[in-house]
Amino acid sequence: MINTNLKFWRRELSLTQAQMAEKLGIKRSLVGAYEEGRAEPKLATLVNMARLFGISLDALVTTDFSKKKNAKAALQLQAQTAATPEAGANRSNGNLRILALTVDKEQNENIELVPQKAAAGYLNGYADPEYLEELPKFRLPMLGNTGTYRAFEIAGDSMLPIASGTVIVGRYIDDWMSIKDGTPCIVVSSKEGIVFKRVFNRLKDAAMLALHSDNPLYQPYQVDVEDVVEIWEAKAYISSTFPIADLSLNRLASIVLDLQQQVSTMKKV
């Protein structure tokens with residue numbers, strides 16, 4: 001099934017085996033082996049295939065697109081998606097984005113860590129499997145298998161009390177239109193680089209995102225959707241710095257009052 005689908009979609013996209021291999025980040029010989037059924041693609045390659053073809057992973061492995069009925073339905077869906085601004089909001093410059101990823105020996109997806117020093121290089125290598133292979137990797141079992149995750153080390157104090165140097169673990173967002181206002185996200189864009197902000201969705205009416213900091217000293221700003229490369233919803237963070245307690249005068253006064261009431265209650269007892 002996979003071999004016939006790969007051959008079908010490669011021809012529909014008018015790609016040679018060499019061009020297909022380049023888009024998937026694999027060797028040309030592997031494309032030939034997959035099409036001839038002499039080898040089975042790894043999970044990461046299957047995911048990249050599905051994203052390139054604009055179909056689900058389930059459809060890729062269970063639906064025979066070489067049959068005219070299935071192929072016609074799939075091509076109509078692709079045409080509708082490309083023509084709809086809302087559905088196209090998760091595309092970059094009109095092209096379907098391909099999410100490169102890595103897996104361990106058991107075919108479980110890794111969480112790749114993008115350190116601060118690698119942030120600039122990530123803008124050029126985010127879709128390159130070889131670049132991702134060079135990044136540190138880990139897994140967090142508590143996240144389960146509910147999505148694809150990546151970790152980014154943030155810089156600056158715009159999201160205090162989350163301090164500079166904290167690692168934010170984000171889940172990949174494919175449908176940007178689904179982002180709810182105020183969602184904390186790692187936003188990767190060609191102009192702003194990698195930033196950690198709260199996102200306010202303005203895609204439908206203005207084709208842009210408004211990015212807000214938790215630190216009131218930083219003013220919100222906007223990014224055009226055409227400049228956005230990836231969005232990862234923050235799901236966890238790892239830090240060696242504990243958040244600073246709120247010790248304002250009002251807070252201190254409240255603590256003192258609570259202690260006085262506790263002492264008074266103990267004396268009565």
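Helices α2 and α4 sit roughly perpendicular to each other, a label that covers angles of 65 to 115 degrees, while under 35 is roughly parallel, over 145 roughly antiparallel and the rest oblique. The angle here is about 110 degrees, and the axes of α2 (residues 17-24) and α4 (residues 43-53) are 10 Å apart. Those axes are lines fitted to C-alpha atoms over the stretch in contact, with angles running from 0 to 180 degrees between N-to-C directions. Helices here are DSSP runs of H or I with at least four residues, strands are runs of E with at least two, and both are numbered from the N terminus.

What you're looking at is a predicted model, where local features need pLDDT of at least 70, side-chain atom pairs count only at pLDDT 80 or more, and totals for chains, interfaces and linings use all residues. Residues are numbered from 1 along each chain as its sequence is written, and side-chain values use heavy atoms, leaving out hydrogens and water.

Back to that helix pair. On the α2 side you'll find Met20, Lys23 and Leu24, which meet Asn48, Met49, Leu52 and Phe53 of α4; contact means heavy atoms within 4.5 Å. By class, the contact of α2 with α4 has 5 nonpolar residues, 1 polar and 1 charged. Here Ala, Val, Leu, Ile, Met, Phe, Trp, Tyr, Cys and Pro count as nonpolar, Asp, Glu, Lys and Arg as charged, and the others, Gly among them, as polar.

Now for α1 and α3. The axes of α1 (residues 2-12) and α3 (residues 28-35) come within 7 Å and cross at roughly 120 degrees, which makes this pair oblique. Asn3, Leu6, Lys7 and Arg10 of α1 make the contact with Val31, Tyr34 and Glu35 of α3. This contact of α1 with α3 splits into 3 nonpolar, 1 polar and 3 charged residues.

Helix α3 has a run of buried residues, namely Val31, Gly32, Ala33, Tyr34 and Glu35, where buried means under 20% relative accessible area, exposed over 50% and partly exposed in between, using a 1.4 Å probe and protein chains only. The buried residues of α3 pack against α1, α2 and α4. Just after α3, Gly37 takes a positive phi of about 75 degrees.

How do these helices come together? The largest nonpolar core has 20 residues, and Leu6, Met20, Met49, Phe53 and Leu60 touch the most other members. Such a core is a set of buried Ala, Val, Leu, Ile, Met, Phe, Trp, Tyr and Cys residues joined through side-chain atoms within 4.5 Å. Helices α1, α2, α3, α4 and α5 (57-62) each give two or more residues to this core, and α4 gives the most, with 5 residues. Leaving aside residues up to four places away in sequence, Met49 touches Leu6, Leu24, Tyr34, Pro41 and Leu60. Apart from this core lies another, of 19 residues, including Tyr122, Leu132, Ile154 and Met159.

Over to the strands. Strand β5 (residues 149-153) is largely enclosed by the rest of the structure, because 4 of its 5 residues are buried. Strand β3 (residues 111-114) runs parallel to β5, joined by 3 bridges, and β6 (residues 167-172) runs antiparallel to β5, with 5 bridges. Pairing takes at least two DSSP bridges between two strands. In β5, Arg150 is the bridge partner of Glu112, and Arg150 also stands opposite Gly170 in β6.

Zooming out, the protein chain has 10 helices and 11 strands. Of its 269 residues, 39% count as buried.
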